[in-house]
Amino acid sequence: MVSAARLLRHDVSRDPRYDILFEPVKIGPVTARNRFYQVPHCNGMGHLHPSSTAAMRAMKAEGGWAVICTEECEIHPTTDVSPFVEERLWDDSDIPHLARMTDAVHAHGALAGIELVFQGHETANRYSRDVPMAVSNLVGSAYDPVQAYAMSKRDIADFRRWHRDAAIRAKQAGFDLVYVYAGHNLSLPMHFLSRRFNDRSDEYGGSLENRVRLLKELIIDTKEAVGDTCAVPVRLSVDEIIGPDGIVSAEEGQDIIGMLAELPDLWDVNVSDWSNDSVTSRFGEEGSQEDYIVFVKTLTSKPVVGVGRFTSPDAMVSQIKRGVLDMIGAARPSIADPFLPKKIEEGRLEDIRECIGCNICVTGDFTKTPIRCTQNPTMGEEWRKDWHPEKIAPRKSDARILVVGAGPAGLECTRALGNRGYDVALAEASTELGGRVVHESRLPGLSAWSRVRDYRVGQIQPMTNVEVYLDSQLHADDVREFGADHVIIATGSHWRRDGIGRANFKPVPGSDGDHVYTPDDIISGADIVGPAIVFDDDHYYMGGIIAELLRSKGHDVTLVTPAADASTWTHNTLEQHRIQKRLLESGIGIIPLHNLAAIHADSVELSCNYSNRVTKRPAASIIMTTMRLPNDALYRDLTNDKRTLADSGIKSVTRIGDALAPASIAASVYSGHRYARELDEPVDRDAPFKRELSTLGSF
Ligand code: ADP
Ligand code: SF4
């Protein structure tokens with residue numbers, strides 16, 4: 001039997017090829033125990049959920065990362081990024097919140113870093129109602145009817161004082177690294193560097209030397225304030241990937257690093273904006289920033305950190321040996337697997353839960369809710385549910401479990417129940433494990449998503465208490481005969497064909513025609529003819545990707561959506577602009593703000609969201625991407641006949657994942673994990689997790 005102990009074994013040692021990753025690195029006055037560096041990353045919890053944030057960061061320290069950073073930390077009410085939830089260090093009252101994190105990180109032998117931020121014109125100060133101030137008279141990229149005014153010399157002096165005071169508070173809170181942040185188009189020092197934002201005519205504008213002045217002053221201020229015990233890293237975006245309007249690594253990017261080369265204690269370099277820095281696997285490979293940042297180490301003797309969704313220790317070693325990086329920066333790989341360094345150190349590469357590059361983690365920031373991760377269902381649940389990514393309670397009974405369906409939900413449920421020590425049988429109708437991941441990872445750009453399956457299958461395989469049955473479509477009789485105590489229905493879902501979804505509450509007239517398809521049909525290889533209309537009322541990736549797939553096969557394709565743009569929810573995953581660009585560039589027409597009103601033999605009627613005006617378009621094939629329906633026939637067959645169920649000895653039948661309510665792959669993994677955690681455990685449905693409550697201020 002394989003139990004939780006297996007996950008924490010220390011009886012294996014690492015491959016000597018990876019020794020270099022475990023060398024200590026001196027960063028100014030502090031020393032990192034190895035080269036694994038969790039760079040700043042948002043999490044949707046921040047100052048509103050300090051215990052959750054501390055526990056999440058501490059988990060990574062426990063998992064072997066040498067440096068653990070906060071996300072952006074506001075230094076003053078004039079840089080209030082509400083409603084986004086980041087860290088806050090406006091005054092001394094914020095210190096205890098952050099000290100909770102540093103204490104927790106230090107307890108596991110890691111260093112704690114803080115990324116001080118002042119966002120200039122990119123904050124609307126919605127909560128503080130202070131007037132934003134910026135390098136010049138500017139408006140932010142959000143559409144608030146708010147403008148920022150150009151900072152006077154006095155404002156610059158105030159800003160420098162606030163930054164210095166925040167650095168001192170950070171030191172009091174126990175931080176070992178205090179950042180000067182000039183990255184992502186979201187920080188005042190970067191706005192000063194930028195020719196397109198900085199139109200000043202004083203000593204802070206004009207020449208590059210002048211535009212660098214503020215960044216230089218901040219580094220010096222911060223070192224003077226806290227540099228005796230704290231390292232002062234600089235985070236700089238060396239290329240904005242927008243051409244000559246922005247910083248270009250081969251030009252000003254190099255010049256800036258050259259001018260400041262030895263001043264900071266560490267260079268944390270990347271590309272901006274955030275969508276370039278955290279590019280999804282659909283649009284960028286592991287290590288995709290290398291060409292932009294490779295020059296940095298030639299200009300400085302200080303340690304250099306960079307990111308690239310690194311999950312492979314060989315790729316990491318290559319970065320170090322080829323002189324690209326000194327430390328392996330990671331946000332997403334540390335989210336998907338907080339124990340990545342430990343697993344490399346202990347020679348357990350097969351246990352690494354590799355990030356799939358989907359950016360579900362990023363959606364926590366955009367939706368202002370606690371972070372979640374497709375691969376790591378415990379992410380964000382460390383404090384409020386006491387979930388540990390590598391530990392799970394041993395089984396509390398001898399119950400035998402049957403899991404029906406081996407998609408993300410069924411696989412994760414099986415994996416986690418197997419770890420608990422339960423005897424589990426997993427039955428899958430098809431000849432492959434993975435469910436929707438098998439099919440979806442074959443869609444354009446989604447191959448990395450197969451890691452959801454690969455990790456779980458790899459974990460389940462050695463478990464002697466888990467039996468896997470492929471090619472086993474189970475019916476109610478089969479399940480009753482099997483003799484399990486608990487049956488878990490993880491049978492997934494299918495796309496509905498009738499057009500019902502967000503925009504239509506009744507079937508679209510004509511949707512019963514033979515030329516109406518669903519994404520399931522297209523994925524299964526349906527041979528359609530063009531012109532094709534993809535009706536996207538789902539708004540995540542599927543509509544756009546089906547359009548892309550059909551176009552790649554040479555069809556004339558138009559995407560129709562009631563939303564304002566294609567795949568609109570992917571704004572939350574930093575992908576929407578890339579998807580829209582790819583669709584347009586590949587010749588796919590996009591008709592936004594329209595509903596599908598009716599389907600005819602060779603045309604469709606589209607109605608404008610606002611005027612209801614109907615227009616006709618030629619259409620030989622229509623692909624309905626609206627919503628999915630649970631595959632719950634087996635569940636209903638079993639539970640409708642309660643007496644036969646009771647006679648069979650089955651104690652419970654439970655739906656998980658898409659079989660209950662279709663959602664993201666992340667939601668399916670979470671659902672499977674949750675079932676496994678809660679089996680035979682006391683569960684309070686009324687208070688399923690701890691909450692962090694605001695304190696009452698005094699009157
Ligand atoms: P989820 O995301 O909830 O895990 P998926 O659709 O990815 O859902 O996976 C569901 C899996 O269940 C598919 O691999 C499918 O073949 C399998 N399945 C569906 N019905 C049955 C059944 N009656 N018996 C065994 N396997 C089934
Ligand atoms: Fe990686 Fe996706 Fe997890 Fe983010 S949510 S860490 S991109 S697997």
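Where is the place of D273? D273 belongs to the loop between β12 (266-271) and α8 (274-277). The legends below describe close-up views of a predicted model.

**Figure 1. A cis peptide bond joins S272 to D273.** Omega of this bond is near 0°. D273 lies in the loop that runs between β12 and α8. Most peptide bonds are trans.

**Figure 2. The bond from G530 to P531 is also a cis peptide.** Here omega is near -5°. P531 is found in the loop between α19 (519-523) and β21 (532-536).

**Figure 3. N185 has a positive phi.** The angle is near 60°, and the residue is not a glycine. Most residues other than glycine have a negative phi. N185 sits in the loop between β10 (177-182) and α5. With a relative accessible area of 16%, N185 is buried, because the cut-off for buried is under 20%.

Figure 4. I241 is placed in the loop between β11 and α7. Its relative accessibility is 36%, so I241 counts as partly exposed. The loop between β11 (233-239) and α7 (249-260) also holds E240.

Figure 5. R196 has 33% and is partly exposed.

**Figure 6. A salt bridge joins R456 and E412.** Their side chains meet at 2.6 Å, N to O. R456 lies in helix α17 (residues 451-460) and E412 in helix α15 (residues 408-420), so the bridge ties together parts 44 residues apart in sequence. Are R456 and E412 buried or exposed? Both are buried.

**Figure 7. Helix α17 is mostly covered.** Of its 10 residues, eight are buried. Among them are the arginines R451, R453 and R456. V452, Y455, V457, Q459 and I460 are buried too. R456 is the partner of E412 in the salt bridge of the previous view.

**Figure 8. R674 and E678 form a salt bridge within one helix.** The closest N and O atoms are 3.0 Å apart. Both residues lie in helix α24 (residues 665-678). They are four residues apart, about one turn of the helix. R674 is partly exposed, at a relative accessible area of 28%. E678 is partly exposed as well, at 25%.

**Figure 9. A network of salt bridges links R160, R164, E217 and D221.** Side chains of opposite charge can pair when their charged atoms come close. How many salt bridges does a search of the whole structure find? The search finds 52.

**Figure 10. The largest cavity holds ligand 2.** The whole structure has six cavities of 30 Å³ or more. The largest contains about 70 Å³ of space. Its lining consists of 13 residues. C355, C358, C361, C373 and T374 lie nearest its centre. The largest share, three residues, comes from α12. By class, the lining has eight nonpolar, four polar and one charged residues.

**Figure 11. Ligand 2 has 13 residues around it.** Which residues come nearest? They are C355, C358, N359, C361 and C373. At least two residues of the shell come from each of α12 (332-336) and α14 (360-366). α12 supplies the largest share, three residues. The shell divides into eight nonpolar, four polar and one charged residues.

**Figure 12. P618 is an exposed residue of strand β26.** The strand covers residues 614-618. P618 counts as exposed at 54% relative accessibility, because the cut-off for exposed is over 50%. P618 and A601 are 17 residues apart in sequence. Their C-alpha atoms are 9.3 Å apart in space.

How values were computed
Residues numbered from 1 in each chain as written. Chains lettered and ligands numbered in written order. Predicted model: local features only at pLDDT ≥ 70, side-chain atom pairs only at ≥ 80, totals over all residues. Heavy atoms only, no water. Salt bridge = Lys/Arg side-chain N within 4 Å of Asp/Glu carboxyl O. Buried < 20%, exposed > 50% of the residue type's maximum accessible area, 1.4 Å probe, protein only. Near = heavy atom within 4 Å. 1 Å grid on protein atoms, 1.4 Å probe; cavity = no way out; pocket = protein on both sides within 12 Å on 5 of 7 lines; lining within 4 Å. Sits in = over half its atoms within 2 Å of the grid points. Nonpolar A, V, L, I, M, F, W, Y, C, P; charged D, E, K, R; others polar. Points joined across faces, edges and corners; volume = space filled by probe spheres on them.
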